[in-house]
Amino acid sequence: MTDPYSVLGVPRTASEDDIRKAFRKLAKKHHPDLNPGDKAAEAKFKEIGQANDILSDPEKRRRFDAGEIDGTGQEMPPRGFYRDQAGGRGGKYEHAGGHESFVDMGGIFSEMFGQRRGGGGPGFGGDGFDMGGMPVTYSLRVPFLVAARGGKQRVTLPDGKTLDIDVPEGTTDGQTLRLKGQGMPGTQGRPAGDAYVEIHVDPHAFFQPRDNDIHVDLPVTVTEAALGGKVKVPTVGGAVMLNVPAGSNTGTSLRLKGRGLLDRRSGQRGDQYVKLKVVLPEAPDDKLKAFLEGWEGGRAYDPRKEMEQFT
């Protein structure tokens, strides 16, 4: 009997995330489009999809673990069924799962050989073989703020169709979205498979995510740093006002609580950390220069004093 855990290479204690990652990795490796003409890869891809269909569905996984269905999703006969049927007409009973799994594979063969090559012949042109569609995988690049805030992003499918995907708020780089029924079409009117879209989040110009927190370097003027005051700070949810304490310096870090990214599992938001960076004006300022030349306090401290122990 096919063991979907062995097919995906995960233990029986694997989490949903572990199963999703294992499926994504194997599906990429054995995808027929990346292995043209390789029958072994096609068969392996089908086996991977079938295993994922069992383990990604909590109810099917429970039933498989309980021995109620086999690795193809077929009902298991009650215990003692083989013995009861062994002496019946036609000789020893052969477990139907073997035959039915072949029927399931017929839909894959019909898809791979009948449609791709226009082939016919028994079992390859729809002669009773019946199978739901195979899963497909895509990669989609998403702007940072779309992933952070949530929004729609368009993906182009292999058949030329476009699909607007709802990217949930708090989507992270490498996360996979499941699009039910957007995979390869099934045969004999069976439903299409699912599509799995792996999200790649583009980096932002100044937002730096670390887990669910956001880090930002914020330029401030000499006056704002020395005297303090309120300044406007960008966040993923929009600009807010931040109070800069008087006497702040380059490297001073301030926290904006709850202004980070949404953690979809806990429902909590991270924080935004703002690191101040004192910036002089680009154009020369004669008054500032004159002030500093006459400022005795500017010569009274040594900002490099802590470095002397290393020289």
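Student: What is the order of the open sheet of 4 strands?

Tutor: The order is β6-β7-β11-β10, and the pairing is mixed. Strands here are DSSP runs of E, at least two residues long, and helices are runs of H or I, at least four, both numbered from the N terminus. This is a predicted model, where local features need pLDDT of at least 70 and side-chain atom pairs 80 or more, while totals for chains, interfaces and linings use all residues. Residues are numbered from 1 along each chain as its sequence is written, and side-chain values use heavy atoms, without hydrogens and water.

Student: What makes β6 and β10 stand at the edges?

Tutor: Each has a single partner strand, so one side of β6 (208–210) and one side of β10 (253–256) lack a neighbour in the sheet. On average, neighbouring strands here are turned by 30° against each other, direction ignored.

Student: How do you know that β10 and β11 pair?

Tutor: Two strands pair if DSSP finds at least two bridges between them. β10 and β11 (residues 272–278) have 4, and they run antiparallel.

Student: In which sense do β7 and β11 pair?

Tutor: Parallel, over 7 bridges, with β7 covering residues 213–220. H215 is placed opposite Y273 in β11.

Student: What is the order of the open sheet of 3 strands?

Tutor: The order is β1-β5-β4, again an open sheet with mixed pairing. β1 and β4 (176–179) are its edge strands, since each pairs on one side only. From one strand to the next, the twist averages 30°.

Student: How do you know that the span of α3 agrees with its number of residues?

Tutor: The expected span is 1.5 Å times one less than the number of residues. For the 17 residues of α3 (residues 39–55) that gives 24 Å, and the end C-alpha atoms are 24 Å apart, so the two agree. At the start of α3, a side-chain oxygen of D38 comes within 3.1 Å of the backbone nitrogen of A40.

Student: Why is M134 called buried?

Tutor: Buried means under 20% relative accessible area, exposed over 50%, partly exposed in between (1.4 Å probe, protein chains only). M134 has 4%, so it counts as buried. M134 sits in the loop between α6 (96–117) and β1 (136–142).

Student: How far apart are M134 and G49 in sequence and in space?

Tutor: They are 85 residues apart in sequence and 6.6 Å apart in space, C-alpha to C-alpha. G49 belongs to the buried residues of α3, which include F45, I48 and I54.

Student: What percentage of the 311 residues counts as buried?

Tutor: 35% of the protein chain. Its secondary structure comes to 9 helices and 11 strands.

Key:
A polar contact is a pair of N or O atoms within 3.5 Å; within protein, one must be able to donate a hydrogen and the other to accept it, and residues adjacent in sequence count only if both atoms are side-chain atoms. Axes are lines fitted to C-alpha atoms, for helices over the stretch in contact, and angles run from 0 to 180 degrees between N-to-C directions.
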